[in-house]
Amino acid sequence: MKILLTGFDPFGGESINPAWEAVKLVKAPEGAEIIKLEVPTVFGKSAEKVFAAIKEHMPDHVVLIGQAGGRKAITPERVAINVMDASIPDNAGYQPSDETISQNGENAYFSTLPIKKMAAQMKNAGIAAQISNTAGTFVCNYLMYSVLDKIKKNYPDMRAGFIHVPFIPQQVEKRPDVPSMELLDIVKGLEIAIGCLLEE
């Protein structure tokens, strides 16, 4: 089994992105090959980079990882919506307002990953996890939507979805009221989630 695992670069004034830091440390389970890809936090370019990797590697699964600062748990996303509405600019300075991602795409696409099993197995291992029903309207949602749209139209046997992870402690040293999770716990959670793909 081949898995494309992606994580974003830092954005929003942060010097680090726990998504990519965790992806770098994830170990492939036996029987799987993981291709790791750092993705720019930029509308347009993020999807282009992932599309190129999909075409090159033809993975069985695409697992997109992003930062959701303020969340306490690792959150597999249920759905991506056909909207770009950014409260801050992306890393290229683009800040869309109420724009459509795809003129000929669905209003929304649901994850095709086993998100309930992922969340349950992470919780069973002592990692805070829960299903999220909103991936937001920033680049994370944009990438999830774009990849699911591309796969539906071009790679019907491929499966994909998005998982958000919390801040890591070094990001909240001056913000003690903001939740965080140890990086190695995030890594462990992602490895458990990826392991679920081999059970399908």
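Close-up 1. Leu4 stands opposite Val62 in β3, and strands β1 (residues 2-8) and β3 (residues 61-67) run parallel, joined by 5 bridges; strands (E, at least two residues) and helices (H or I, at least four) are DSSP runs numbered from the N terminus, and two strands pair if DSSP finds at least two bridges between them. The model is predicted, with local features needing pLDDT of at least 70 and side-chain atom pairs pLDDT 80 or more, whereas totals for chains, interfaces and linings use all residues. Residues are numbered from 1 along each chain as its sequence is written, and side-chain values use heavy atoms, leaving out hydrogens and water.

Close-up 2. The 5 strands follow the order β2-β1-β3-β7-β4, with mixed pairing. Because β2 (33-39) and β4 (75-76) stand at the edges with a single partner strand each, one side of each is left without a neighbour in the sheet.

**Close-up 3. Aromatic pairs.** The whole structure holds 6 aromatic pairs, defined by ring centres (Phe, Tyr, or the six-membered ring of Trp) within 6.5 Å, with planes under 30 degrees apart counted as stacked, over 60 as edge-to-face and the rest as tilted. The rings of Phe8 and Phe162 have centres 6.3 Å apart and planes at 35 degrees, so this pair is tilted; Phe8 lies in β1 and Phe162 in β7, so the pair ties together parts 154 residues apart in sequence. Both Phe8 and Phe162 are buried, that is, under 20% relative accessible area (1.4 Å probe, protein chains only), where exposed means over 50% and partly exposed lies in between. Phe43 and Tyr94 form an edge-to-face pair, 5.8 Å centre to centre with 85 degrees between the planes.
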